[in-house]
Amino acid sequence: MPVIEIDDNSGFCFGVVTAIRKAEEELDRSGSLHCLGDIVHNASEVERLGHKGLHTITHAELEHLKDSTVLLRAHGEPPSTYRIAKSNNITIIDATCPVVLQLQRRIKEAYDTNRSLFEKGEIKEMPLILIYGKEGHAEVNGLVGQTDGHAIVIQTVEDLEKIDLSRDILLYSQTTKSLEGFRNIVGEIQKRKSAGSFEYFDTICRQVANRLTKLREFAASHDAIVFVSGAKSSNGKVLFEECKRVNPRSYLVSDGTQLDLSELKGAETIGICGATSTPRWLMTEVAEKLKDL
């Protein structure tokens, strides 16, 4: 029988842990709570909390919700969400990750300061605020919202071809992006830029970024890897690709029902790991399922 080991460094980041703790505290108190979007990009954890009374709602539903309590998840929200909540007499339980919250404030301050200078005629045009991140991601939407929708999201080097790089540029990053990807974008802008200033800010969460090195070591030390992650997790996709790069025998599952023993045939050591949105209980469940099989 193969040796099965769960990665001690995998699982919820502290921002997600805090959000879930706040949700459970309110559910224990009142038995019901709305959450704006999935509290975490993991269907199994969303289902578990759903059984306890957590109701996931959309932004469209928020606009029609009155006199209720709503949890804002770790990803953060744009200012418009807070305005809607105030006008609808909604009580907010704000579980925005402190790292995300700090980044929101930095971007808002930069935007407001430069807008003021522009309106006073002290600068000829506003600098471009670029955000390296996934278009449409909840955190990115919250960051763009700090600039009244003026920030530009870039996902790849190819996106730089659509941007006027002769303008002054301020570059930030979604907190869960890879350091390598961010440094690559910085290098490309520096290489292509012929005019205007360029400032970049490494705003990547180190708890997430530092997992890469440990994850590579974990993946390399096992014959096969079972990576547990929800389909919606951006972080999960990044970390899984890193696993596969180090260990080609890496397989992605959302839960124990997707295990395929033929893929693990002959492996004497099997490592189980996951994304920052993967609960520990789910990785344990996958390990137990694997032992049963």
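## Before you start

What you're looking at is a predicted model, where local features need pLDDT of at least 70, side-chain atom pairs count only at pLDDT 80 or more, and totals for chains, interfaces and linings use all residues. Residues are numbered from 1 along each chain as its sequence is written, and side-chain values use heavy atoms, with hydrogens and water left out.

Let's begin with an open sheet of four strands, ordered 3-2-4-5 and paired in parallel. (Strands are DSSP runs of E with at least two residues, helices are runs of H or I with at least four, and both are numbered from the N terminus; two strands pair if DSSP finds at least two bridges between them.) At the edges sit strand 3 (54–57) and strand 5 (91–94), each pairing on one side only. From one strand to the next, the twist averages 35°.

Strand 4 (residues 69–72) and strand 5 run parallel, joined by four bridges. Within strand 5, I92 is the residue opposite V70. Helix 4 (residues 79–87) packs on this sheet and touches strand 2 (33–36), strand 4 and strand 5; contact means heavy atoms within 4.5 Å. The direction of helix 4 makes about 145° with that of strand 5. (Axes are lines fitted to C-alpha atoms, for helices over the stretch in contact, and angles run from 0 to 180 degrees between N-to-C directions.)

Now for strand 6 (residues 128–132): five of its five residues are buried, so the rest of the structure largely encloses it. Buried here means under 20% relative accessible area, using a 1.4 Å probe and protein chains only. L128, L130 and Y132 lie on one side of strand 6, with I129 and I131 on the other.

Strand 6 pairs in parallel with strand 8 (residues 169–173) over five bridges, and there I131 has Y172 as its bridge partner. Strand 6 also pairs in parallel with strand 7 (residues 152–154), over three bridges. In strand 7, I154 is the bridge partner of Y132.

## The nonpolar core

The largest nonpolar core has 18 residues, and those touching the most other members are L130, I154, I163, I169, L171, I185 and I189. (Such a core is a set of buried Ala, Val, Leu, Ile, Met, Phe, Trp, Tyr and Cys residues joined through side-chain atoms within 4.5 Å.) Strand 6, strand 8 and helix 7 (179–192) each supply at least two residues of this core, and helix 7 gives the largest share, five residues.

Take a look at I163 too: leaving aside neighbours within four places in sequence, I163 contacts L128, L130, I152 and I154.

Technical notes
Buried < 20%, exposed > 50% of the residue type's maximum accessible area, 1.4 Å probe, protein only.
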